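Hello,

I am passing a structure on to you.

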Amino acid sequence: MGFLVIFNWSWLLLSVLLGFAMGWIAVVHRGRGVSKRTSQWLALLAVAVVAAALAHLIPGRPGYWLDLAMLIFAMYILGCAAGSWLRERVLARVTPTS
Amino acid sequence: MHGLFRWSSKWWPGVIPLAIVWALAAWISTSPMEADLAARSNAALKDTLLDQTSIEVSGRDVTFTANAFSEDGRRSAVAVLQSVAGVRLVNDESRLVPEAKPFVWSAERDVARVTLSGNSPLPATKGKLLDAARATLAGVEVVDQMKLSRGAPPRFDTAALLLVEQIGKLKDGKVILSDNSVTLSGMARDLGGREAIAAALKNLPDGFSVAANDIKAPPYVFQANKDPVTVTLTMSGYVPDNNVHATIAAAAARKFFGEKIVDNVKASMGAPSRFLNAVVPALGALSRLSTGTLVVTDREVKISGDALYEAAVPQIRASLAKDSPEGWQITTELSVKPAAAPVDPGVCQQLFLELLAKGKIRFEPGRASIDPDSAGLLDRLIEIAMRCPTANIDIAGHTDADGEDAFNQALSEKRAQAVTDYLVKAGLPAGRFTALGYGSSQPVASNDTDEGKAQNRRIEFLVR
């Protein structure tokens, strides 16, 4: 995993930034989010994909692309979480004074 | 934390550009990453003993193909690859090199090349054997047909290297090492080579033995070639030792009075018995030929060439048969040189003088018996006499001043008569020759010195 991170650090950084931006926006976004049911399906899909990756089920290049996808997605989620949390903190500080 | 879950339902729009990032990353990074993994995998295997190693990388999975020399070596190579950072899976397609039973290695030499074939336990051993063959046989092409196999006996390297050295001593032949037993065949390059190989084989490592040593010694050849164009006698081949060499060189100098002698003879053991007794009369026979070759091989004397006149052929054959040692085979292939054009008596006289200035007819000391070493010179004198058939010739004998005058007078007459008889025996009419003896009365040099006396002891041919 360390090798993948070092080798693809620029793409991962891009994913984190993208996630951060998305997380920052999501806090004030007024559109509809995915439903709870869809979220559950997506979570199940994510678990299945992670399991497939960890079990090395997919060989060769597709296996690498799957690992890369997982990593990029994980970085995106981290970025989103950081972005949303930070935006929320910023909003919380602004609201009492206004 | 609750907020995170709430907000996470709105994170999905970013997944679309994320998918593009992923696709780009996969597109751009896959090949460089595979190349990086392949390079580091190959580097990691650098010190591992394998043959025909091939590394193929697909994604982060490495397919490893190689021939290993032991099960441990194979396993350790796979472990090394698994420890390379970034490698996810190792597809092990390696196998053990085949085991040879019996483990046969051979080296074959012919005129132009040496071929090493059969089995070799390790690439390093193979390299060592090839290097040793190149060093031993500088200038000879070394062909590698060895394949790698398991099952070599212990100390194979030492034994095979010793055998490569022996191949250098062969003219042609083959050395086979089958498990622990050595078989040799062929012919040694030099005399003594067979013995040298037999001695070297005693140093084979423990456990190895010689099953058969059929190395033959090269024939013991002495050769002499008389070339009338370059006026050269060339001797080559072998003689038993330096004493025999000196004796043969001295005999050649006496018998070949006008020729330049080129001596390429080497001393070597292995000569047949009574070698010298066979070679000296054979050189005498060669000296009587205009052009000819003498080959002494083992116990056979073969002489071929052109005699100077008809009657010389049976004489040469007879004297060879008489003087050669018993048990030796004599082969002669003699023809007669075409007769030279007749010349005037004056020219004949000139030719006699020129020839007798180069060489002298020798006799046994104090006697009238012609020294056999003078046969070549006498044949040349006969050839000249045949070119002026109308001329009558006085054959004059002279002695030095040692001894009594009466004895010297008688000796000079007898010697002149001996020469006349020799000419008549060769087929010349007796009436053409008059034998005269002058004792010591007509010296051509001082009788006070040995050199002067030698000059005074002479036979002269005077055309009337």
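Here is what I found in it.

This is a predicted model, in which local features need pLDDT of at least 70, side-chain atom pairs count only at pLDDT 80 or more, and totals for chains, interfaces and linings use all residues. Residues are numbered from 1 along each chain as its sequence is written, while chains are lettered from A and ligands numbered from 1 in the order in which they are written.

Chain A comes to four helices and zero strands (DSSP runs, H or I of at least four residues for helices and E of at least two for strands, numbered from the N terminus). Of its 98 residues, 28% are buried, that is, with 20 or more other C-beta atoms within 10 Å of their own, C-beta atoms being placed from the backbone. Among the chain A contacts with a separation of 6 or more, 80% join residues 24 or more positions apart; a contact puts the two C-beta atoms, placed from the backbone, within 7 Å.

In chain B there is an open six-stranded sheet with mixed pairing, in the order β7-β6-β5-β8-β9-β10, where pairing takes at least two DSSP bridges.

Helix α4 (residues 123–136) of chain B lies across β6 (113–120) and β7, at about 160 degrees to β6(B). Angles run from 0 to 180 degrees between N-to-C directions of axes fitted to C-alpha atoms, for helices over the stretch in contact.

Best wishes

Notes:
A residue is buried if 20 or more other C-beta atoms lie within 10 Å of its own, exposed if 12 or fewer, and partly exposed in between; C-beta atoms are placed from the backbone.
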